[in-house]
Amino acid sequence: MLALALLLAGGAATGCGGRATTHHKPGTSHEQASGSVGTLLAATDTAGHKLREVPAQSAPEVQLAVRPDSEDGWNLQLTVKNYRFTPDSTGGAALPGAGHAHLELDGRKLARLYGPWFHLPAAQVPEGAHTLTVRLYADDHTAWAVSGKPVEGTAQLTAAAPGGTPGGHGHGGTPPQSPDPQAPSQGQADRTVTITVRDGKVSPAPARTELRRGERVALRVTSDRADTLHVHGYDKELALPAGQEATLTLTADRTGLFEVETHESSLLLTQLLVR
């Protein structure tokens with residue numbers, strides 16, 4: 001009995017495969033829990049994340065399309081193959097064909113993406129021509145790669161001067177398409193929640209914002225550090241430039257309790273209670 005207890009204690013301390021892991025749900029194999037899928041390379045992407053090499057025939061793929069929004073900015077659509085978004089297991093081990101994406105503007109990270117749609121406000125894009133890049137990552141934040149190159153997709157975007165008409169296009173110079181009515185967009189809100197983050201503190205203190213199903217809520221956040229806003233359950237994200245107010249507007253079309261937090265600083269900003 002003593003030997004068995006010591007064996008169990010040692011296993012709990014190191015996890016499967018002799019090392020700690022943050023993701024080992026019931027039914028997950030030891031190989032999956034250790035994150036041993038593919039080959040971890042010494043090379044990194046431009047953001048410093050290690051590359052995880054997988055065979056080309058089974059590797060994830062992504063394409064990016066850009067559509068001007070009828071009210072503000074652009075709607076981005078990610079079309080993926082051999083891949084699924086798994087926001088509930090981010091930070092865990094690398095599982096085959098799963099994870100999240102990063103969005104970059106001219107090599108500068110704007111947001112982490114947990115779904116195929118993302119609204120990019122015009123205020124976050126300077127005037128001129130730009131390159132948008134989406135790159136696919138595993139849950140452990142390693143970048144999926146084929147032949148030593150990250151799995152990513154790009155699109156060109158041109159931002160007009162204030163008062164002008166912005167334009168963008170996807171792969172191969174495809175002309176802008178009409179905005180999809182199901183795409184996320186900004187618009188008039190029934191409720192506005194204004195939040196400030198300074199020196200690691202949230203003001204006003206995190207509380208619950210009660211909404212009726214179908215109401216639109218605008219989250220206006222100003223952070224003294226560059227960060228990313230994330231609404232759990234709705235998989236909505238918004239880049240927070242340092243010292244600038246950013247607004248995310250969404251329709252509360254799901255009932256339940258949903259946390260709104262920052263990614264980099266892991267701060268709870270508010271909770272959306274939708275009835």
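Arginine 254 lies over the face of tyrosine 234, at 5.5 Å from the ring centre; a charge is taken to sit over a ring if NZ of Lys or CZ of Arg is within 6 Å of the ring centre and within 35 degrees of the ring normal. The model is predicted, with local features requiring pLDDT of at least 70 and side-chain atom pairs counting only at pLDDT 80 or more, whereas totals for chains, interfaces and linings use all residues. Residues are numbered from 1 along each chain as its sequence is written, and side-chain values use heavy atoms, with hydrogens and water left out.

The structure holds 2 aromatic pairs, where rings of Phe, Tyr and Trp (its six-membered ring) pair if their centres lie within 6.5 Å, and planes under 30 degrees apart count as stacked, over 60 as edge-to-face and the rest as tilted. In one of them, tyrosine 83 and phenylalanine 85 are edge-to-face, at 5.5 Å centre to centre and 85° between the planes. Both tyrosine 83 and phenylalanine 85 are buried, that is, under 20% relative accessible area, with exposed meaning over 50% and partly exposed in between (1.4 Å probe, protein chains only). The rings of tyrosine 234 and phenylalanine 258 have centres 4.8 Å apart and planes at 65°, so this pair is edge-to-face. Because tyrosine 234 lies in the loop between strand S18 (227–231) and strand S19 (236–240) and phenylalanine 258 in strand S21 (residues 256–262), the pair ties together parts that are 24 residues apart in sequence. Strands (E, at least two residues) are DSSP runs, numbered from the N terminus. Tyrosine 234 is buried at 7% relative accessibility, and phenylalanine 258 at 10%.

The largest nonpolar core has 31 residues, and Leu76, Leu120 and Leu132 have the most contacts inside it. Such a core is a set of buried Ala, Val, Leu, Ile, Met, Phe, Trp, Tyr and Cys residues joined through side-chain atoms within 4.5 Å. Among the elements that give two or more residues to this core are S3, S4 and S8. A second, separate core of 23 residues includes Val217, Leu238, Leu248 and Phe258.

An open sheet of 3 strands has the order S3-S4-S8, with antiparallel pairing; two strands pair if DSSP finds at least two bridges between them. Strand S3 (61–68) and strand S8 (117–120) each have a single partner strand, so one side of each is left without a neighbour in the sheet. S3 and strand S4 (residues 74–81) pair over 8 bridges, and valine 62 stands opposite valine 80 in S4.

Definitions and conventions: Helices (H or I, at least four residues) and strands (E, at least two) are DSSP runs, numbered from the N terminus.
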